Amino acid sequence: MQQAGSVKSSRRGRRSTTMDGMPVDDVPWWRWRSNVRSALHMLSDQTFQHECWLAGRPGYGDVTDAVYRLVEDTWLDNWSAEKYVGTIFRDAQEAQSVDAAVLRVLRIMHQVGADAPVASYLEHPEWPDAVRAAREAHMLLAGNDGDDPDEPPRSLEVLAIMLRAV
């Protein structure tokens with residue numbers, strides 16, 4: 001019998017504590033942060049969006065991939081980033097900034113559809129606000145991590161290599 005607040009993890013074959021039913025130690029916090037930062041970086045860079053996503057350049061996914069990385073392990077589409085202060089996010093300012101970006105991007109995704117062409121996102125009247133919110137969150141997280149926020153986004157292959165190496 002499992003204790004309340006724990007589930008058996010299919011990934012590691014052991015119990016893990018949960019946050020509203022989600023195992024919080026199945027994915028290390030730094031991997032969550034890396035995925036959130038990668039997504040925010042791509043969502044915040046309009047030049048990148050035109051040169052990679054709109055042009056169909058391989059290796060960078062698309063808007064839906066970025067949204068998925070933003071919310072996949074964190075469930076930020078279901079609850080506030082505030083739950084992760086002290087783990088994924090350093091403080092309430094980071095969490096609030098990420099929440100603002102997530103809400104704007106998800107609102108657009110729900111309006112245009114997850115499988116909509118990239119142009120549907122980029123032409124949406126609220127897209128500049130979503131980009132601005134993602135940029136603010138990206139700048140804050142990158143700055144707090146001591147990284148240059150103006151470097152171009154890394155490819156998904158490079159991100160995967162980085163996540164395996166850590």
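The side chain of S155 reaches the backbone nitrogen of V158 at 3.1 Å, a polar contact (N or O atoms within 3.5 Å, one able to donate a hydrogen and the other to accept it; residues adjacent in sequence count only if both atoms are side-chain atoms). The model is predicted: local features need pLDDT of at least 70 and side-chain atom pairs pLDDT 80 or more, while totals for chains, interfaces and linings use all residues. Residues are numbered from 1 along each chain as its sequence is written, and side-chain values use heavy atoms, without hydrogens and water.

S155 lies in the loop between α6 (127–144) and α7 (156–165); helices are DSSP runs of H or I with at least four residues, numbered from the N terminus. Leaving out residues up to four places away in sequence, S155 touches G59 and Y60 (heavy atoms within 4.5 Å).

Y60 also belongs to one aromatic cluster with F48 and W53. The structure holds five aromatic pairs, meaning ring centres within 6.5 Å, with planes under 30 degrees apart stacked, over 60 edge-to-face and the rest tilted; for Trp the six-membered ring is used. Two of these pairs are listed here.

| Pair | Centre distance | Plane angle | Type |
|---|---|---|---|
| F48 and W53 | 5.3 Å | 70° | edge-to-face |
| W75 and W79 | 5.2 Å | 35° | tilted |

Both F48 and W53 are buried (under 20% relative accessible area; exposed is over 50%, partly exposed in between; 1.4 Å probe, protein chains only). W75 is partly exposed at 31%, whereas W79 is buried at 13%. The charged end of K83 sits over the ring of W79, 4.7 Å from its centre (NZ of Lys or CZ of Arg within 6 Å of the ring centre and within 35 degrees of the ring normal).

Note on methods: Helices (H or I, at least four residues) and strands (E, at least two) are DSSP runs, numbered from the N terminus.
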